[in-house]
Amino acid sequence: MLHPVIDQDRLARSFVELVKIDSVSREEGALCEYLTQRLGQLGADTLVDDAGSAVGGDCGNLIGRYAGNRKAPPLLLSAHMDTVEPGRGVEPVLKNGIYRSKGNTILGADDKCGVAIILEALACIADNKIPCGPLELLFTICEEIGLQGAKHLAFDQFNAQMGYVLDTRNPEVIITRAPAANRIRLEIGGRAAHAGAEPEKGINAIELAARAIAPLNLGRIDHETTCNIGLVEGGVAINIVPDRVVVHGEARSHDISKLHSITDEIVQAFQKVVGASASRGEEGVPYLKVDVQLDFDRLHIDENHDAVRIARAAAANLDRVIYTATSGGGSDANILAQHGIVAGVLGTGCEKVHTVHEQVALKDMVRSTELLLEIIRLHSEK
Ligand SMILES: [Zn+2]
């Protein structure tokens, strides 16, 4: 049964106001203030956690509590406040029902669609007494720069065990699977020497790195595993044999053992090359320093989990079908899962994100709001 309650104009107004507030990563403060006010008007209590100081930003994650009007387990709803660059001075233009920027910036639909949809859902609940259990609202900072806000979230403020992150494109999709990822840092130390006068005395760290990288199997390894060498920093001048290079890479897989083995392969390639040159050096050169960090754990939600079941039932009540999908990238939902909150990622309608051609159709935001409202209503019956 369709909710005829969504105020499309109010949703559009919210969205336009949101995208006009600059909020590139680490500078979400103004948006956080705006949302604190809006959430207060909608009857939610808010607080800001300390994540901002941990990431060097001007505010933390915004956490809201909405009492609802039914007794039910708490449900988490989340979107991220930050945007990528160029994201300053966004001027939204509406044409044929589609929002775009003027062309010189992103639009910020990623993820201000998600924020606007949550605000509209709350307004609809209040206006129309739609059944709603307690909601735990989360507007994160610094999602775009490595899920930093979620990683530093005050998880002790949450009781919800399930929820939804509004942060993918297609409103007919719920992402239930996303890979785990490792960040890999490899530092090679060699020995500097004058490249013209006595190159024999040098050990070229860049050359060693090149020999380690060249035979690596990079890119798509199989249907659920990828890896990349993405950043190489080294050398100081063209007439000096470089004594240091730092190589940054990543590996991702839906299968944790594959994640480990592809990571090991990369590390071992460097160990082999540096080890083979050890006889040329003394006093610990050449050396290799390896740092592998789990960037985010995988997201794997069972098809029978309530988060999926309720989303499917909600879509069916709207005469729609929602498809579960796999993502190649991580989102705040990966971090939430690591902390025991199972959250599916719902689509908001945004397209061509992270480009100046980013766009969203207002009707897709309406569809996403309809689905979210029906999810909230069904969840309140749990
Ligand atoms: Zn996003």
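Modeller: Let me begin with a term: a residue is called buried when its relative accessible area is under 20%. This is a predicted model, and in it D110 and D167 are both buried.

Colleague: What makes H80, D110 and D167 the residues that coordinate the zinc ion?

Modeller: A donor is an N, O or S atom within 2.8 Å of the metal. NE2 of H80 and the OD atoms of D110 and D167 lie at 1.9 to 2.2 Å from the zinc ion. These distances meet the cut-off, so the atoms count as donors. Along the chain the donors follow the spacing H-x29-D-x56-D.

Colleague: Why can one say that the pair D110 and D167 ties together parts of the chain?

Modeller: D110 belongs to helix α4 (residues 109-128) and D167 to strand β7 (residues 162-168), so the pair links parts that are 57 residues apart in sequence.

Colleague: Why is strand β3 described as largely enclosed?

Modeller: Six of the six residues of β3 (residues 75-80) are buried, and therefore the strand is largely enclosed by the rest of the structure. L75, L77 and A79 point one way, while L76, S78 and H80 point the other way, and all are buried.

Colleague: How do you know that β3 pairs with β6 and with β7?

Modeller: Pairing requires at least two bridges between the strands. Six bridges join β3 to β6 (residues 135-140), and these strands run parallel; within β6, F139 is the bridge partner of A79. Between β3 and β7 there are three bridges, also in the parallel sense, with L76 opposite G163.

Colleague: What makes a set of residues a nonpolar core, and which residues have the most contacts inside the largest one?

Modeller: The members must be buried residues of nonpolar kinds, joined through side-chain atoms within 4.5 Å. The largest such core has 70 residues, and F15, L35, L135, L137, F139 and Y164 have the most contacts inside it. Helix α4 gives the most to this core, with twelve residues.

Colleague: How is the lining of the largest pocket made up by class?

Modeller: A lining residue has an atom within 4 Å of a pocket point, and 38 residues line the largest pocket. By class they are twelve nonpolar, 14 polar and twelve charged. L147, R252, F296, G329 and G330 lie nearest the centre. Strand β13 gives the most to the lining, with five residues. The volume of this pocket is about 800 Å³.

How values were computed: Residues are numbered from 1 along each chain as its sequence is written. This is a predicted model: local features need pLDDT of at least 70, side-chain atom pairs count only at pLDDT 80 or more; totals for chains, interfaces and linings use all residues. Side-chain values use heavy atoms; hydrogens and water are left out. Donors are N, O and S atoms within 2.8 Å of the metal (3.2 Å for Na, K and Ca); water is not among the atoms, so sites may look incomplete. Helices (H or I, at least four residues) and strands (E, at least two) are DSSP runs, numbered from the N terminus. Buried means under 20% relative accessible area, exposed over 50%, partly exposed in between (1.4 Å probe, protein chains only). On a 1 Å grid over the protein atoms alone, a cavity is a set of points where a 1.4 Å probe fits but cannot get out, and a pocket is an open set with protein on both sides within 12 Å along at least five of seven lines; lining residues have an atom within 4 Å of a point. Grid points are joined across faces, edges and corners, and a volume is the space filled by probe spheres set on the points. Ala, Val, Leu, Ile, Met, Phe, Trp, Tyr, Cys and Pro count as nonpolar, Asp, Glu, Lys and Arg as charged, and the others, Gly among them, as polar.
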